[in-house]
Amino acid sequence: MGTAIEVKNLSRRHRSVAALDDVTVSFEANTIHGLLGRNGAGKTSLMSIIAGQDWPSEGEVRVFGQRPHENEAVLPRMCFVREDQKYMDDAKPGHVFTAASLAYPNWDADLAQRLIEDFHLPMKTKINKLSRGQRSAVAVIIGLACRANITFFDEPYIGLDAAARQLFYDRLLEDYAENPRTIVVSSHLIDEIAPLIEHIVLLDRGRVLVDESADELRERAVTLIGRWDHVQDVIGGREILRREELGRLVRVTVLGGLGADEQARARELDLDIAPVSLQQLVVHLSARQGATLETAKEA
Ligand SMILES: Nc1ncnc2c1ncn2[C@@H]1O[C@H](COP(=O)(O)OP(=O)(O)OP(=O)(O)O)[C@@H](O)[C@H]1O
């Protein structure tokens, strides 16, 4: 498949703030990546620089092996849609879609039309007069219909209601299955986008905290449900991420997967083993220091 994006020792400083601090990471082609992290972690900064819309203070970016900045061979192959996208004052959705059809060589007008209908987008209203959710729909339609080789969705769907967000996820997956490409989705709604994402990059205060497949990440923790003394028997000294009381039972999420013997013991003790919430895991990892994280990885 190969690498679509390579980022090496990238830093971006704004006076005293390091939005990105020595970030080295790569994004495989034809994969859906989740770019996660708390507010201010550096997600938008990273995507803006890769998309050639901002300049790094230090470090290098290669997109399909080339520098993206002011590079006409690379820029039309990338699409960056964001929640706070600015449009010309009088623009209506049709104007913006026409401009996108000219800018993106793979623009699919039929797909755009289907999405306009799916999202019930009013085409006669100026974009600046659309509701927040409708403006999000404009951004989502551009991101999907442009079929760029690399598309960044910087939470453009955050104004969409739950049903419209689900529609976006469904359409994204359907279209990706037919037209594989590199997609980077940044989000706070981690469990909601979890079914989409194959690879996770977690940023924390401008640094990369996690860079691994979603499945590997999920296997780093496990949730057990049953009697507390039975749960303790199986988890031993593992670090507890979360403990909830469920009447006489407990639901406990711990770091470190279970070996075959431990799984057998859990079954003997009538414990339920449940998949871990990616959101919980990411929240926990974000709260930890990198050094402790390494210990968890080894466990
Ligand atoms: N133009 C700027 N001037 C000063 N500081 C900036 C600028 N752009 C970003 N920052 C700072 O850099 C850090 C990273 O910001 P960034 O927008 O990349 O984070 P984010 O992960 O996208 O956050 P959010 O989830 O809240 O959108 C923040 O501390 C932010 O305040």
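Q: How many of the residues of helix α1 are buried?
A: A residue counts as buried if 20 or more other C-beta atoms lie within 10 Å of its own. In α1, Lys43, Thr44, Ser45, Leu46, Met47, Ile49 and Ile50 are buried. The helix is thus mostly covered, with a buried count of 7 of its 8 residues.

Q: Which element gives the most residues to the shell around the ligand?
A: The residues surrounding the ligand include His14, Val17, Gly40, Lys43, Thr44 and Ser45. Both β2 (17-28) and α1 supply at least two residues of this shell. The element that gives the most, with 3 residues, is α1.

Q: Which residue in the turn between β8 and β9 has a positive phi?
A: Strand β8 (residues 199-204) pairs with strand β9 (residues 207-213) in the antiparallel sense, over 6 bridges. One of the pairings joins Ile200 to its bridge partner Glu212 in β9. The two strands form a hairpin with 2 residues between them, and the turn residue with a positive phi, of about 45°, is Arg205.

Q: Why does Asp175 count as partly exposed?
A: Asp175 sits in helix α5 (residues 162-178), and beyond its sequence neighbours it touches Leu111 and Leu144. A residue needs 20 or more C-beta neighbours within 10 Å to be buried, and 12 or fewer to be exposed. Asp175 is partly exposed because its count of C-beta neighbours inside 10 Å is 18.

Q: How far apart in space are Asp175 and Ala145, C-alpha to C-alpha?
A: In sequence, Asp175 and Ala145 are 30 residues apart. In space, their C-alpha to C-alpha distance is 9.2 Å.

Q: Over which residues does pLDDT stay under 50?
A: The protein averages a pLDDT of 91, and 96% of the residues score at least 70. Where pLDDT is low, the predicted coordinates should not be read in detail. The stretch under 50, which has 8 contacts beyond four places in sequence, is residues 289-296.

Terms used
Residues are numbered from 1 along each chain as its sequence is written. This is a predicted model: local features need pLDDT of at least 70, side-chain atom pairs count only at pLDDT 80 or more; totals for chains, interfaces and linings use all residues. pLDDT is the predictor's confidence in each residue, from 0 to 100. Two residues are in contact if their C-beta atoms, placed from the backbone, lie within 7 Å. Helices (H or I, at least four residues) and strands (E, at least two) are DSSP runs, numbered from the N terminus. A residue is near a molecule or strand if its C-beta atom, placed from the backbone, lies within 6 Å of it. Two strands pair if DSSP finds at least two bridges between them.
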